[in-house]
Amino acid sequence: DSVMIKADVEIGGSDQLFNLKIGRQMQEIFGQPAQDILTSKMLNGLDGRKMSTSWGNVINIVDDANEMFGKIMSMKDEQIPEYFELCAPLSVKEIDQITKTMKSGKLNPRDAKARLAREIVTLYHNKSEAQKAEKEFDKVFKEKQTPSDMPLIAVKEKTLNILDLLTKTKLVSSKSQAKRLVTQGAVEINNETQTDWRKNIEIKTGVIIKVGKRKFAQIK
């Protein structure tokens with residue numbers, strides 16, 4: 001890429017330093033001036049590991065406001081300072097103050113995450129959407145109510161095995177994932193935790209399915 005576009009500068013994460021240096025050498029082989037390179041600090045995923053879509057620990061800038069807010073609220077507490085530093089449009093002084101008050105116990109990590117979520121959602125959406133997302137998050141996770149808006153899934157069958165139902169609603173990507181989540185107790189149907197992956201579910205309009213903490217669907 002560096003050779004083809006005759007790059008003057010290439011920017012990448014710190015894990016790409018070797019590749020960036022090789023780009024310089026390749027340019028010299030092709031008679032071009034070696035590019036300058038700039039590496040930046042890595043932003044880890046929500047669980048502290050490197051971001052990976054296969055691990056499901058990413059926040060996408062195209063996520064809707066509710067999804068983005070919920071993902072930020074699910075991150076590990078130790079990730080909060082890093083995300084403030086690299087993602088939030090706040091001054092270094094203000095970020096340092098938030099980090100200090102949180103470490104001293106004067107600021108609840110949940111409140112810090114809520115502030116972080118508001119800042120990031122406002123950045124990629126707007127302030128009004130951030131406020132709505134926070135209210136919706138509190139409604140579902142504080143007040144234990146169902147979301148105001150959830151997918152309506154048409155199901156013709158009168159009964160379905162729970163694994164078939166989960167895949168049909170697209171709340172999971174495969175039956176193997178569905179089986180694992182049911183076995184772990186991460187699936188609820190009408191507020192009842194399901195643990196038997198062999199169970200057949202009676203299909204009725206209004207049945208609400210919850211997978212994990214943030215995925216919901218309603219049957220019609």
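Leaving aside neighbours within four places in sequence, glutamine 194 is in contact with Ile162, Val182, Gly185, Val187, Ile189, Lys199 and Ile201, where contact means heavy atoms within 4.5 Å. This is a predicted model, in which local features need pLDDT of at least 70 and side-chain atom pairs count only at pLDDT 80 or more, while totals for chains, interfaces and linings use all residues. Residues are numbered from 1 along each chain as its sequence is written, and side-chain values use heavy atoms, with hydrogens and water left out.

Glutamine 194 belongs to strand S6, residues 192-194 (strands are DSSP runs of E, at least two residues, and helices runs of H or I, at least four, numbered from the N terminus). Because its relative accessible area is 5%, glutamine 194 is buried (buried means under 20%, exposed over 50% and partly exposed in between, with a 1.4 Å probe and protein chains only). Its side chain makes a polar contact with the side chain of lysine 199 at 3.0 Å (a pair of N or O atoms within 3.5 Å; within protein, one must be able to donate a hydrogen and the other to accept it, and residues adjacent in sequence count only if both atoms are side-chain atoms). A polar atom of the glutamine 194 side chain also lies 3.0 Å from the backbone oxygen of glutamate 192.

Strand S6 is part of an open sheet of 5 strands in the order S3-S9-S8-S5-S6, with mixed pairing (two strands pair if DSSP finds at least two bridges between them). The edge strands, S3 (152-153) and S6, each pair on one side only. Within this sheet, S5 (residues 187-189) and S8 (residues 208-211) run antiparallel and are joined by 3 bridges, with valine 187 opposite valine 211 in S8.
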